[in-house]
Amino acid sequence: MQFPLISRCGRIRRLISECRDPSTSKLDFPNLPGGPESFELVAKFCYGINFEITTSNVAQLYCISDYLEMTEEYGKGNLTSRSKSYLDDIVIKSLEMSVDVLHQCEALLPLCEELKIVGKCVDAISSKACVEQIASSFSRLEYSNSGRLHMNKQTKDCGDWWIEDLSVLRIDMYQRVIEAMKGRGIRPESIGASLVNYTENLLKKKIILWNTSDEKLIVETIASLLPEEKLVVPMSFMFGLLRSAVMLDCAHSCRLSLERRIGSQLDMATLDDLLIPSSQNLGDTIFDVDTVHRILVIFSQQDDSEEEGSVYDSDGLQPPSQTALVKVGKLVDSYLAEIAPDGHLTLARFIAIADALPSYARVTDDGLYRAIDIYLKAHQGLSDLEKRRLCKLIDFQKLSEEASAHAAQNDRLPLQAIVQVLYIEQLRLRDSLSCSNPDDDKNHKTMSSLSPRDNYASLRRENRELKLELARMRVRLNDLEKGHAFMKRDLEKSGSQKLINSISRKFGRFSLFGRSPFTRSNSPTQGEDGRS
């Protein structure tokens, strides 16, 4: 029985010739490629039993025939040459067959790599996909009414049918294919769609046997394969990768790469995207605030690069438009309101998030004020100094009337902030009445023409004057109330009820705002005799 095998297999012939015991009937092959199933096919071939070479066994046959040295030296048309011919003449001419064979190679490494089976299949897949994409593009070309050739975007692109086929590959083989496709110029949109599809299929097939190391490898590999171009993969997909990278403690470079990609197109994100769970260390915040802060810094640095010519220009990142800034501003305010109740969120972290964007990213500060109010309510142990530091983030001039009215009565705000709100409201009232008072309008225009520094100094002076005026009014009110009490007691003793009612009506006209604390003009509220 040994004769057909000996005649076809150089390795078996050599082992038998080297054996000192002529009665030996057993040979051990501990590292036989493909195992017993492959050896059974070899035996059938040697004994002339017909079987078909297919994509499911050609890699095994090629590897085991090479291992057993089944070359032409030991028989014409030996198994090695037949397996190689099937691979070169049939398999690599078809994308689907090349994927199937590459999938079989996963269990036959490193021999498949040494025999260049992997390289041939990868090259075949990438080249065929490129040809398919070019052919699909040509099929969508048509002439317009003016005679110009253009691409019909309404016609479905059929050049990416191979995306689903690649989902059967192991992550290392898939990486080889995608890198080869990038080198051949496959469209970034197709690469992105393939990455999303491959990841979704992996999640469906996920089994308990996976360990943390496998998951880390998959996340890091997928992240490294993402195209540099914007908008070729959904933002939710990139945030999903980032969440996994955080939870699995992936390599620092992997996380930074994802943060940079997300930061360059943050205006496409949603609030749910930003709510990245933290690693749940004891005493940490519920959500990963530091990661979001880094993303915001990346987004805002794009704006700085317009003037500074930073490295972002070389990466193809352009400064965000005003529309994008406004969208991100609203997103950040919503995010702040969501994380504000967290008892472990420090004041420094909250301020860092709120202050990461330029002031002009917010058309209105209503959202920021709401988030700060929630934070103040949840962190009632803040000192007055910390409250003032927090409220410095708010531009009270950018609050709506409704928000200003709420802030003016909000006892959680420091007194200085409330006074500022009242002062700004008085300025608004003065502006609305300026048309009836040309002198005030002229003074207001003069103030508006000042430089920001001078304007700020002027506002500070007026603020100090406002505080003094309020203090004087409190003293005056106390004096009036004391005088009213004394007079009422004396009149009650004299029994002159009529006079008491008359005096009470007169003193009743005096109030805290009997004279406006925001202007030195005569008060509109006066007594019957024309004096306040």
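## Leu68 and its surroundings

Leaving aside neighbours within four places in sequence, Leu68 is in contact (heavy atoms within 4.5 Å) with Cys9, Gly10, Arg11, Ile12, Phe29, Leu32, Phe39 and Val42. The model is a predicted one, in which local features need pLDDT of at least 70 and side-chain atom pairs count only at pLDDT 80 or more, while totals for chains, interfaces and linings use all residues. Residues are numbered from 1 along each chain as its sequence is written, and side-chain values use heavy atoms, with hydrogens and water left out.

Leu68 lies in the loop between α4 (58-67) and α5 (79-89), where helices are DSSP runs of H or I with at least four residues, numbered from the N terminus. At 0% relative accessibility, Leu68 counts as buried, a term that means under 20% relative accessible area, with exposed meaning over 50% and partly exposed in between (1.4 Å probe, protein chains only). Pro33 is 35 residues from Leu68 in sequence, and the two are 9.7 Å apart in space, C-alpha to C-alpha.

## The nonpolar core

Leu68 is also one of the residues with the most contacts inside the largest nonpolar core, which has 125 residues; Ile117, Leu166, Met181 and Leu266 are the others named. Such a core is a set of buried Ala, Val, Leu, Ile, Met, Phe, Trp, Tyr and Cys residues joined through side-chain atoms within 4.5 Å. Its largest share, 9 residues, comes from helix α16 (residues 322-339).

Leu266, when its neighbours within four places in sequence are left aside, is in contact with Met235, Phe239, Leu274, Ile295, Leu296, Phe299, Val328 and Leu331.

## The crossing of α11 and α12

The axes of helix α11 (residues 212-225) and helix α12 (residues 235-247) come within 10 Å and cross at roughly 140 degrees; axes here are lines fitted to C-alpha atoms, for helices over the stretch in contact, and angles run from 0 to 180 degrees between N-to-C directions. Where the two helices meet, Val219, Ile222 and Ala223 belong to α11, and Phe237, Leu241, Ser244 and Ala245 belong to α12. The residues of this contact divide into 6 nonpolar, 1 polar and no charged, with Ala, Val, Leu, Ile, Met, Phe, Trp, Tyr, Cys and Pro counted as nonpolar, Asp, Glu, Lys and Arg as charged, and the others, Gly among them, as polar.

## Backbone features in loops

Most residues other than glycine have a negative phi, and most peptide bonds are trans. Leu231, although not a glycine, has a positive phi of about 65 degrees; this residue is found in the loop between α11 and α12 and is exposed, with a relative accessible area of 59%. Asp249, in the loop between α12 and α13, likewise has a positive phi, of about 55 degrees, and is exposed at a relative accessible area of 53%.

A cis peptide bond, with omega of about 5 degrees, joins Leu109 and Pro110, and Pro110 is found in the loop between α6 (95-105) and α7 (111-114).

## Helix α18

Helix α18 (residues 366-378) has 13 residues that should span 18 Å at 1.5 Å a residue, and its end C-alpha atoms are 18 Å apart, which agrees; the expected span is 1.5 Å times one less than the number of residues. Leu368, Tyr369, Ala371, Ile372, Asp373, Tyr375 and Leu376 are buried in α18, and the buried residues of this helix pack against α16, α17 (347-354), α19 (384-391) and α20 (401-408).
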